[in-house]
Amino acid sequence: MDLGTNTFHLLIVEDGPSGFKEIIHEEEAVKLGEGGINKGSILPAAFERGIKTMERFAGLVQNNHVQKVRAIATSALRSAANGEDFINEVKEKTGIAIEIINGEQEASFIYKGVKASGCLTSQNSLVVDIGGGSVEFIICNDSEIFWKQSFEIGAARLMDKFHRTDPIPAQSITALNIYLEDCLKSLFDAVTQFPVHILIGSSGTFESYTGLIEAAKGKSFDLKRTKSYEFEIGGLLKLIEQVVLSTHQQRVENSGIIPVRKDMIVTASLLARFIIEKLHIEKVTMTTHSLKEGVLAEMMGY
């Protein structure tokens with residue numbers, strides 16, 4: 001289980017000779033950070049949604065006779081003053097022991113998940129995982145990590161700071177870019193040391209881009225049958241511009257954007273564009289693998 005700031009994921013698999021076979025993959029838009037993400041607290045309604053989701057997940061775990069369970073919590077529970085209360089209540093009601101991991105551990109799991117997708121090569125890549133609470137950056141290739149860091153600048157946090165009217169005004173975009181320029185100095189230093197021209201977007205927002213691009217071509221896109229997807233960078237930047245300029249209603253009416261991302265996709269897109277342009281990225285790939293696949297890889301000894 002990957003208990004994120006916006007979405008709780010449950011992945012139940014069976015190990016086999018050619019890798020794991022997916023049995024159940026559930027996603028629940030818990031929005032644990034809603035209203036309290038930058039205040040360091042899980043608000044009562046979000047707390048209750050989280051507990052109910054964990055009770056439902058526990059039922060699925062029991063019904064499928066799961067032998068090994070890991071529940072990993074990230075930014076929202078990491079930074080919430082009442083995060084321990086949530087963990088204790090989940091343990092009491094479901095028997096599931098939630099592990100809170102730090103940003104370094106999160107980045108390591110993401111690397112393992114992305115590596116398992118097969119999209120890394122001997123060339124240096126920058127893996128980017130845009131969550132609701134934090135964003136992980138990993139400079140790596142298919143055999144090692146050169147540098148990694150987690151930043152508490154996830155899409156929900158950026159939305160709370162900069163996206164308060166819709167569509168997002170130009171001055172807010174400018175302010176957000178200045179903020180990112182200041183926050184990400186250590187990333188820019190690392191890229192000077194380990195140059196990269198390939199960006200790999202891990203799940204989340206990048207999955208939405210893939211679906212939107214394929215839908216515009218009149219094609220259906222099945223995430224469950226896809227491990228990676230290469231973007232045409234000009235088309236991707238054009239799509240990002242459309243997303244940034246869109247209204248809330250336009251995003252609601254767009255079936256290619258899942259409900260939990262309909263608003264946060266704007267600040268996530270501004271972050272993605274900032275990185276692509278700032279680092280002069282030449283190639284962008286999406287992988288559907290992320291933290292939960294990395295945890296599974298470790299559990300199975302891959």
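Residues are numbered from 1 along each chain as its sequence is written. In this predicted model, local features need pLDDT of at least 70, side-chain atom pairs count only at pLDDT 80 or more, and totals for chains, interfaces and linings use all residues, while side-chain values use heavy atoms, with hydrogens and water left out.

Helices (H or I, at least four residues) and strands (E, at least two) are taken as DSSP runs and numbered from the N terminus. Two strands are said to pair if DSSP finds at least two bridges between them. An open sheet with mixed pairing is formed by 5 strands in the order S3-S2-S1-S4-S5. Its edge strands, S3 and S5 (98–100), each pair on one side only. Strands S2 (8–16) and S3 (residues 19–28) run antiparallel and are joined by 9 bridges. A hairpin connects S2 to S3 through 2 residues, and Leu 10 stands opposite Glu 26 in S3. By contrast, S1 (residues 2–3) and S4 (residues 71–73) run parallel, with 2 bridges between them; the bridge partner of Leu 3 in S4 is Ala 73.

Strand S2 also takes part in the second largest pocket. On a 1 Å grid over the protein atoms alone, a pocket is an open set of points where a 1.4 Å probe fits, with protein on both sides within 12 Å along at least five of seven lines; lining residues have an atom within 4 Å of a point. Grid points are joined across faces, edges and corners, and a volume is the space filled by probe spheres set on the points. The second largest pocket holds about 560 Å³ of space. Its lining consists of 23 residues, and those nearest its centre are Val 13, Val 66, Lys 68, Leu 296 and Met 300. Both S2 and helix H12 (291–299) supply at least two lining residues, and the largest share, 6 residues, comes from S2. The lining comprises 14 nonpolar, 3 polar and 6 charged residues, where Ala, Val, Leu, Ile, Met, Phe, Trp, Tyr, Cys and Pro count as nonpolar, Asp, Glu, Lys and Arg as charged, and the others, Gly among them, as polar.

A nonpolar core is a set of buried Ala, Val, Leu, Ile, Met, Phe, Trp, Tyr and Cys residues joined through side-chain atoms within 4.5 Å. Buried means under 20% relative accessible area, exposed over 50%, and partly exposed in between (1.4 Å probe, protein chains only). In the largest nonpolar core, which has 52 residues, Phe 137, Leu 184 and Ile 275 touch the most other members. Helix H11 (residues 264–278) gives the most to this core, with 10 residues. A second, separate core of 27 residues includes Leu 32, Ala 46, Phe 47 and Val 61.

Ser 228 lies in strand S10 (residues 228–230) and is partly exposed, because its relative accessible area is 37%. Leaving aside neighbours within four places in sequence, Ser 228 is in contact with Cys 119, Thr 285, Met 286 and Thr 287. Glu 282 is found in the loop between H11 and strand S11 (283–287), and counts as exposed because its relative accessibility is 58%. Not counting residues up to four places away in sequence, Glu 282 touches His 197 and Ile 233. The C-alpha atoms of Glu 282 and Gly 234 are separated by 9.9 Å, although the two residues are 48 residues apart along the chain.

Conventions:
Contact = heavy atoms within 4.5 Å.
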